[in-house]
Each structure stands twice: as C-alpha cells, then as structure tokens.
Amino acid sequence: MTGRNILPLLALLSYPQKFVSALSNGPAFGVNVRLAAKPGRRDEMAALLRLNRDATLKNEPLSQQFAYGPDADDPAVFHLHERFASREGFEQHRSAEHLADWRSFKASDPFVGAPTFDFYNLAEGSGAAPAPPPGPGIFCLNVDIRIRPEVRAEFLEVIRNNARGSNQDEPLCLQYAWGEDAEVRNLFHFHEEYKGGDGGKEGFGAHAAAPHFKEWEKFAGDGGPFVEPPVVKFFTTL
C-alpha cells in the first residue's frame, strides 16, 4: 500500500475533514506524502515545496519537521515527511496563509494521478526530528508495512527494538520514526534518515548490518507476516 488517493488535495494544505478527525490526540503525528509532477511542472513544484518548507518551519511553532526530495528512480516524483507536535499544529497548518501560492499551483492540475497521503500516530520512542535540520543530501526512506493481526504483538516488539537500536546505537542514523496509521489498524508507516558517505547510503548500509535489523529480517522471513509486500520509497532531501 502506497497511501490513499485523495482528490484533489495535497497534504501541505487543506486536508479532508474525515482524515483530520481520524488523527490521534496524541502528542505528535506524522504525514508521509507522494506526488508526481506532470512533464514541465517538476521544477515549479520543487521550488514551491522549498518555499513551503521554509515558511512552515519559520511560521508554525508546532511544526517540527518538513523533509522532502525526489524519488531515487524517478525525478518527477517527490516524497515528503512532515511531523507536528500535536493535532492542533496539524490543523493550523491546513489553513496557513503562507500556503496560498501552493493552493494556486495545485488548482492548476499539475499532478500525474492523485497525490497520496499516509497519516499516522507517532509511536513512543520514535526518533525526533534532527536538530538542527541537517540540510540537503540526506538519504531517506518512507515505508508502508501492513501486518497480519495474529503477528501484531511480535511485530511491535521487533519494531520497538529496531527503533531503539537505530536511534540510540547507530551514529549515522539521524532518525527512525514510525507509527500506526490513523485509520487502518495494523498498517504502519515509517520515516528514516541516514548520513555518511555515498549520499547517506553508508548510514543505511550500517543500519542493514546492525543486530537489531537482523532481528527484523528474521521476523520478516519470506513475507509471511505481511498482508501485502512492504513498500519502500527512497529519496534524498533537497
């Protein structure tokens, strides 16, 4: 699962009320976004995303993170991760005045297909947004995993261990954040950030070799715990 199609909105501005009401009242939550620009609209979209990021982080005190960048394989596709301190911050973001230019852009039919969004309640122990923001060139993953109900307890134990090891024991891991979908039980979303050589791939490689990740691989096995294959989206921040 790559996210829900929501026409014709974008997670940077006015979200549908049914998704807003589904969000947790917990202390923090995240949004992962995928959008694809039509030919000739990619550079315009990238420039507006940069402006949105800068204005959001400057003007919204409850906005904790705004990371975005092009897909590793398709430069016309962009992935985003936004993190807010509370539901209140998310709702304030929806109506922010500094997104006016983006609203005009999205009304001009700039996308290939509908943007997709994943709203999720950030779990306790999720890695905090890097401070200060690390800037461009960070290797990132947005991940979707849907598990079978009968493996939930084991999954949570393995993932908590993986998050703890990643955030505490990996010097090249800047962030390992995760949580359960705001609407769909047993659907989980992740955002990970790595630094190091080869554009951050060194950090991701160290993560894949870590003992806590090996425990994850053991759990994942041949895919039996999953309702559908996990979806991993790689991108590098701008």
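User: Are F90 and F119 buried or exposed?

Analyst: This is a predicted model. Buried means under 20% relative accessible area. By that cut-off, F90 and F119 are both buried.

User: What kind of aromatic pair do the rings of F90 and F119 make?

Analyst: The ring centres of F90 and F119 lie 5.8 Å apart. Their planes stand at 90°. Planes over 60 degrees apart count as edge-to-face. So the F90 and F119 pair is edge-to-face.

User: How many residues apart in sequence are the parts that this pair ties together?

Analyst: F90 sits in helix α3, residues 87–94. F119 belongs to strand β5, residues 116–122. The pair therefore ties together parts separated in sequence by 29 residues.

User: Which strand holds F188, the partner of F155?

Analyst: F155 and F188 form a tilted pair, 4.7 Å centre to centre with 45° between the planes. Both residues are buried. F155 is in helix α5, residues 152–169.

User: Which residues do ring pairs link into a cluster with F155?

Analyst: The F155 and F188 pair belongs to a cluster linked by ring pairs. Besides F155, its members are Y176, W178, F188, F190, W216, F219 and F226.

User: What covers the buried residues of α5?

Analyst: The buried residues of α5 include F155, L156, V158 and I159. Strands and helices are both part of their cover. It includes β6, β7, β8, α6 and α7.

Key
Residues numbered from 1 in each chain as written. Predicted model: local features only at pLDDT ≥ 70, side-chain atom pairs only at ≥ 80, totals over all residues. Heavy atoms only, no water. Phe/Tyr/Trp six-rings, centres within 6.5 Å; stacked < 30°, edge-to-face > 60°. Helix = DSSP H or I, 4+ residues; strand = E, 2+ residues; numbered from the N terminus. Buried < 20%, exposed > 50% of the residue type's maximum accessible area, 1.4 Å probe, protein only. Contact = heavy atoms within 4.5 Å.
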